[in-house]
Amino acid sequence: MIKASVIGWPIGHSRSPLIHGYWLKLHHIEGAYEKIAVAPQDLQAFLSGLREGDHVGTNVTLPHKEAAVAFINAPDARVRRIGALNTIWREEGRLHATSTDGQGFVSNTLQCINDFTLAHKNITILGAGGSARAIVDELLRCNVSQLNIFNRTHSRAQAIATHFGLSVNAIEQQHLNQCLVTTDLLINTTSTGMNAEGHIQLDWTKLKSDAVVADIVYTPLMTSFLQAAAHRNHRIVPGLGMLLHQAVIGFEKWFGVTPKVTSELYDLIARDIDPDYRT
Ligand SMILES: NC(=O)c1ccc[n+]([C@@H]2O[C@H](COP(=O)([O-])OP(=O)(O)OC[C@H]3O[C@@H](n4cnc5c(N)ncnc54)[C@H](OP(=O)(O)O)[C@@H]3O)[C@@H](O)[C@H]2O)c1
């Protein structure tokens with residue numbers, strides 16, 4: 001039986017088994033997908049074990065996304081550009097890897113807001129962690145006009161701007177509100193900071209009135225960032241869809257079927273996150 005997994009340390013919170021389990025059942029595939037806690041010191045040995053046997057690949061989450069790159073035979077261009085991966089599969093005894101977060105973000109945004117296009121748009125990203133890096137890499141492939149990155153630790157935003165080049169600007173707090181005036185898509189990639197205490201200060205009245213607002217955080221499903229945007233009648237993109245879309249590529253590599261992100265799947269995972277969730 002073909003087996004795949006998700007590894008992390010810790011891994012208890014992962015919804016990936018529910019997502020892949022749903023698709024396995026839907027497509028009548030006799031496969032398995034499980035979560036496995038792998039401590040940093042065991043990462044190399046775990047990945048070596050994927051080179052043979054029925055365990056053919058894995059998703060990789062924190063804290064292994066960057067460290068795992070060193071143990072892959074054939075990282076794709078995305079992994080080489082961003083220095084991190086989240087999906088590993090085996091081909092003829094060699095480990096291949098990609099990062100699907102950027103594609104997951106873009107697919108989710110375009111599915112949620114079906115008349116929105118990315119070409120020639122101004123985009124502001126809050127946060128400069130691993131997921132921001134993957135999203136910047138993908139957005140630059142979508143012919144966007146301008147990417148502004150604001151981060152609590154400015155040097156990390158600067159590092160992304162330097163890495164990706166001229167169309168990416170690292171902005172400082174005093175220029176953030178001014179940036180919002182021409183922003184078509186505002187994205188929160190910080191793991192926190194949008195709560196009542198407010199670690200990132202934004203003046204929502206400055207944001208372009210037809211801007212789309214996305215959050216990649218999906219617990220809670222409706223973050224306070226999205227609530228503030230919806231309150232001002234912005235169209236919003238919740239983060240759970242990104243989790244579902246980024247999973248498609250791994251499933252296809254391991255089990256040979258391209259699964260769909262449907263409202264039934266969304267509702268299943270949303271109910272797991274929030275038992276009071278209603279469609
Ligand atoms: N929907 C999905 O499929 C998906 C995929 C990947 C990640 N995520 C979620 O996205 C979030 C970020 O993930 P990541 O991998 O990019 O994490 P990461 O590499 O640890 O980066 C975290 C980012 O959040 C910022 N931050 C943390 N605490 C903050 C605070 N109190 N105020 C302001 N900024 C703060 C950090 O700023 P500093 O640099 O100043 O520390 C950094 O920019 C996580 O919640 C993760 O669960 C969702």
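Predicted model: local features only at pLDDT ≥ 70, side-chain atom pairs only at ≥ 80, totals over all residues.
Residues are numbered from 1 along each chain as its sequence is written, and side-chain values use heavy atoms, leaving out hydrogens and water.

**View 1. The whole protein.**
Along the principal axes, the C-alpha atoms fill a box of roughly 55 × 45 × 35 Å. The radius of gyration is 19 Å, which agrees with the value near 19 Å for a compact globule of 279 residues. That radius is taken over C-alpha atoms, and the globule rule is 2.2 Å times the number of residues to the power 0.38.

**View 2. The mixed sheet.**
Here six strands make an open sheet, in the order E2-E1-E3-E5-E6-E4, with mixed pairing. Two strands count as paired if DSSP finds at least two bridges between them. At the edges are strand E2 (31-37) and strand E4 (74-75), each pairing on one side only. Zoom in on strand E1 (residues 2-8), which pairs with E2 in the parallel sense over seven bridges.

Helix H1 (residues 16-26) lies across E1, E2 and strand E3 (55-60), and runs at about 175° to E2. Helix H9 (residues 240-255) lies across E1, E2, E3, strand E5 (87-91) and strand E6 (94-98), at about 15° to E5. Contact here means heavy atoms within 4.5 Å. Axes are lines fitted to C-alpha atoms, for helices over the stretch in contact, and angles run from 0 to 180 degrees between N-to-C directions.

**View 3. The parallel sheet.**
Another open sheet of six strands has the order E9-E8-E7-E10-E11-E12, and its pairing is parallel. Strand E9 (168-171) and strand E12 (235-237) stand at the edges with a single partner strand each, so one side of each has no neighbour in the sheet. From one strand to the next, the twist averages 20°. Strand E8 (residues 146-150) runs parallel to E9, and four bridges join the two. Look for Asn148, whose bridge partner in E9 is Asn169. Helix H4 (residues 101-112) packs on the sheet and touches strand E10 (185-188), strand E11 (212-215) and E12, with its direction at about 145° to that of E12. Helix H6 (residues 154-164) packs on the sheet too, touching E8 and E9, and makes about 165° with the direction of E9.

Of the 21 residues around the ligand, Ser131, Asn151, Arg152, Thr153 and Arg156 come nearest; a residue counts as near if one of its heavy atoms lies within 4 Å. Now for the polar contacts, which are pairs of N or O atoms within 3.5 Å. A ligand oxygen is 2.5 Å from an N or O atom in the side chain of Ser131. A ligand oxygen is also 2.9 Å from a polar backbone atom of Ala128, and a ligand nitrogen is 3.1 Å from a polar backbone atom of Gly239. Taken alone, the ligand exposes 930 Å², and the protein buries 81% of that. The areas come from the Shrake-Rupley method with a 1.4 Å probe.

**View 4. Some backbone details in the loops.**
Most residues other than glycine have a negative phi, and most peptide bonds are trans. Leu62 and Pro63 are joined by a cis peptide bond with omega of about 5°, and Pro63 lies in the loop between E3 and E4. The peptide bond from Thr219 to Pro220 is cis as well, with omega near 5°; Pro220 sits in the loop between E11 and helix H8 (224-231). In the loop between H1 and E2 you'll find His28, a residue with a positive phi near 50°.

Key: Polar contact = N/O pair within 3.5 Å; in protein donor to acceptor, adjacent residues only side chain to side chain.
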